[in-house]
Amino acid sequence: MTIAPQRYLALDVLRGLTVALMIVVNTPGDWGSVYAPFLHAEWHGFTLTDLVFPSFLFVVGNALAFALGKYENLGHGAVLAKLCKRSALIFLLGFLLYWFPFFKIDDAGQFAWSPLSHTRIPGVLQRIAVCYLAAALILHYWKTRGALAFSACALLGYWAILACFGDYSLHGNAPARLDLILLGDSHLYHGEGIAFDPEGILGTLPAIVNVIAGYLAGSFLRQATPARLRSSLYQLAVAGAICVAVALCWNEVFPINKKLWTSSYVMLGIGLDLLLLALLMFIIDVRQMTGWTYFFEVFGKNTLFIYLVSEVLVIVAFTVRIGSVNLYQWLYQQWFTGWAPARVGSMLFAVSFMLLCWLIAYAMDKRKIYIKV
């Protein structure tokens with residue numbers, strides 16, 4: 001049994017699963033016709049879709065478990081420079097993605113530049129960048145014991161902050177007030193009807209723990225010998241089940257909430273990711289069932305690039321006009337409505353778009369093109 005190559009394969013598959021699900025939930029044909037599991041919980045609660053982002057952070061931590069040791073051989077200064085550079089690039093890509101296509105077309109058909117003063121600052125890639133940097137520095141300087149101590153303090157401290165300086169509602173939570181003070185209304189997300197950013201500053205603190213958990217899981221599996229792999233996976237699954245149980249108990253006093261990124265939500269995401277990783281490792285490493293994995297490997301090898309491609313394609317489709325509708329709506333209306341129930345057509349549109357992104361990733365893989373930041 002060749003454990004090392006397969007272990008990388010399992011991580012690629014987990015990344016690929018996350019990317020595929022992310023694209024599907026982000027691109028329905030009609031947001032009014034979506035199956036419930038493919039929508040975020042309105043506020044408190046949890047759906048399949050709410051597992052996507054914490055899983056992204058978890059797999060970032062998995063990859064860090066294989067990379068951080070190589071960085072440390074370079075010395076503290078080189079490690080710091082490398083981590084900061086990578087994080088800054090990811091943050092910049094996320095910011096430029098929200099600014100893209102850098103102009104708008106007004107009602108008179110005239111082009112106008114999109115002002116930076118009204119561009120959203122927080123976001124998905126921005127949170128990934130900050131969490132990656134923070135987790136890597138904590139692990140580099142404080143090692144595993146320090147990372148565990150930080151995780152406990154971050155989760156309990158975040159609970160205390162939200163309980164003492166507001167409540168757990170959309171209008172009364174502390175993270176929203178802090179973002180308004182530090183970033184201003186015009187730089188925040190308004191999809192909830194008010195200036196509230198689900199990827200805001202304060203919520204990044206507990207999100208760092210998702211990356212640390214991914215790192216610890218990856219490090220644990222790296223140390224597993226072939227003879228003890230089954231036992232290691234059993235321990236990983238038990239740890240996942242415990243995290244889920246803790247999350248469900250904590251939910252009684254600190255609700256599971258993705259948009260606030262509550263500590264109970266962190267524990268639930270970590271628990272489910274540990275269970276999923278253990279299952280994938282069992283299927284791929286123990287049972288050697290790999291005939292199905294290539295589809296997800298393709299996504300997993302160019303995760304960041306395919307995420308950016310999927311977002312840019314959607315932005316372009318919403319920008320280009322065909323008659324009275326944009327290209328996105330036109331494609332859905334022309335090809336996916338009228339012959340299937342609304343929710344089926346909407347899902348097929350999302351799956352078709354995901355497959356288009358997969359073809360791009362497949363072409364890159366065949367040409368051995370792997371874009372890393």
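Let's start with Cys131. Its relative accessibility is 0%, so Cys131 counts as buried. Keep in mind that this is a predicted model.

Now, disulfides. A disulfide is a covalent bond between the sulfur atoms of two cysteines.

Next, Cys249. Is Cys249 buried or exposed? Its relative accessibility is 57%, and the cut-off for exposed is over 50%, so Cys249 counts as exposed. Cys131, remember, is buried.

On to Gln126. Find it in helix H4, which spans residues 124-164. Buried or exposed, this glutamine? Gln126 has 2% relative accessibility, and buried means under 20%, so it counts as buried. What does Gln126 touch, leaving out residues up to four places away in sequence? The list is Phe91, Gly94, Phe95, Tyr98, Arg120 and Ile121.

Now the helices. Two packed helices are described by the angle between their axes and the distance between the axes. I have two pairs to show.

Pair one is H2, residues 52-72, and H8, residues 263-286. Their axes come within 10 Å and cross at roughly 60 degrees. That angle is why H2 and H8 count as oblique to each other. The crossing of H2 and H8 is right-handed. Which residues make the contact? From H2, Pro54, Ser55, Phe58 and Asn62. From H8, Tyr265, Asp273, Leu274 and Leu277. Sort the contact of H2 with H8 by class, and you get five nonpolar, two polar and one charged.

Pair two is H11, residues 327-335, and H12, residues 342-366. These axes also come within 10 Å, and they cross at roughly 125 degrees. So H11 is oblique to H12. What is the handedness of the crossing of H11 and H12? Right-handed. H11 brings Tyr328, Leu331 and Tyr332 to the contact. H12 brings Ala342, Gly345, Ser346 and Phe349. By class, the contact of H11 with H12 has five nonpolar residues, two polar and no charged.

Notes. Residues numbered from 1 in each chain as written. Predicted model: local features only at pLDDT ≥ 70, side-chain atom pairs only at ≥ 80, totals over all residues. Heavy atoms only, no water. Buried < 20%, exposed > 50% of the residue type's maximum accessible area, 1.4 Å probe, protein only. Axes fitted to C-alpha atoms, helices over the stretch in contact; angles between N-to-C directions. Helix = DSSP H or I, 4+ residues; strand = E, 2+ residues; numbered from the N terminus. Parallel < 35°, antiparallel > 145°, perpendicular 65-115°, else oblique. Left-handed = near helix turned anticlockwise from the far one by under 90°. Contact = heavy atoms within 4.5 Å. Nonpolar A, V, L, I, M, F, W, Y, C, P; charged D, E, K, R; others polar.
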